[in-house]
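I opened the model to look up two things.

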Amino acid sequence: MGDGRALVAASILNADLANLAREVRRAVKAGADRIHLDVMDARFVPNLTFGWRTIAHLRPVTEAPFDAHLMIAEPGRWLDDFLAAGCDSVTVHVEVDEPLEPLLRRIKAAGRAAGLAMRPGTPMAALEPYRHLLDIVMVMTVEPGFGGQAFMREVATRKIPEARRLLADKPWGGEVHVDGGVNRETAELVGGLGADVLIAGTALFAKGRNPGREVRLMRALADEGYALELNGGVPPAPREQMVRLTSLPRALGEPLRDAIEAAGVPVVMLRGSGLLGPDGVRDMDLLVPRVSAAWVVERFGARRDALEAEAAAAREAAAPAFAEPGSGGA
Ligand code: DX5
Ligand code: ZN
């Protein structure tokens, strides 16, 4: 994983299909953050690729997350097989003729990330009824079915910001994926529009390409675009960076941690460098992902402040009886 914001997923559709395991290793060695698996059934799209059995055989090859992109007419019928094969996320197309809510719920119930993809011509509004269930919105910038097609700039410019808005209520873990014709020429644009995951096939696997260099270039250009267009010229914080929300005695910190986690944001609670409590135990630091900090403060800031005041009052009340070791106090 790079130390920036943008992630790169390697689509193995245009890799050497006779040596998929080797190609997956090559992509991961090149620094790809994910493996993007294009499953096509020659019904939903005019092409036939591979299914869950191939994915199950590739699963032991790497720890890297597997993002399944199901371009199939009946995802519900085969979903359990893709979950059993070890996919970390499953994205189906909003255009399929199946009830989508139960499908998305099944993916989430299996502890995986649930996504919806849409053809270039499908409006983002089609995803609106499912926004509360989405972890991933996949914006297709080519007609699904083949690698190596030309990137649709107008589609990207219109739909990536719409996808970000659709996921805006999700404080953590929501991802906008852009798929089709993504490479070093288009990375800065999609980064500047706010894409989180850049899916690339031809850019990595075409003959004569150095996949490591392409991954690094795409990531750097996407983050440059993000900095310029969406971050006031400031390089984006690393995706995994955590920041301290507060320091509290464990008994006060744990319920706050649980409430924030229940809202969908991971909290790391660890022994901090803060103040000693009346019981001689040092306060715990509560850390949250930097990208979610503003959302957390907006919803839990008042509660945090009240807990900090409560801890200070308890410390104050105990102050006469308790002094720092070596402070010469009682
Ligand atoms: C197309 C697939 C894409 C494709 C990307 O239907 O969903 O993932 O493989 O390949 P490039 O990067 O070559 O467009
Ligand atoms: Zn794809």
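I began with how the donors of the zinc ion (ligand 2) are spaced along the chain: the pattern is H-x1-D-x30-H-x109-D. Donors here are N, O and S atoms within 2.8 Å of the metal (3.2 Å for Na, K and Ca), and water is not among the atoms, so sites may look incomplete. I noted the protein donors as H36 (NE2), D38 (OD), H69 (ND1) and D179 (OD), at 2.0 to 2.3 Å from the zinc ion.

This is a predicted model, where local features need pLDDT of at least 70, side-chain atom pairs count only at pLDDT 80 or more, and totals for chains, interfaces and linings use all residues. Residues are numbered from 1 along each chain as its sequence is written, chains are lettered from A and ligands numbered from 1 in the order written, and side-chain values use heavy atoms, without hydrogens and water.

H36 is in strand β2 (residues 34-40) and H69 in strand β3 (residues 66-71), so the pair ties together parts 33 residues apart in sequence. Strands (E, at least two residues) and helices (H or I, at least four) are DSSP runs, numbered from the N terminus. Both H36 and H69 are buried, meaning under 20% relative accessible area; exposed is over 50%, partly exposed in between (1.4 Å probe, protein chains only).

Then I turned to helix α9 (residues 250-262), which has 13 residues. Its buried residues are L252, G253, L256, A259 and I260. On the other side of α9, A251 and A262 are exposed. Just after α9, G264 has a positive phi of about 105°.

Key: Expected span 1.5 Å × (residues − 1).
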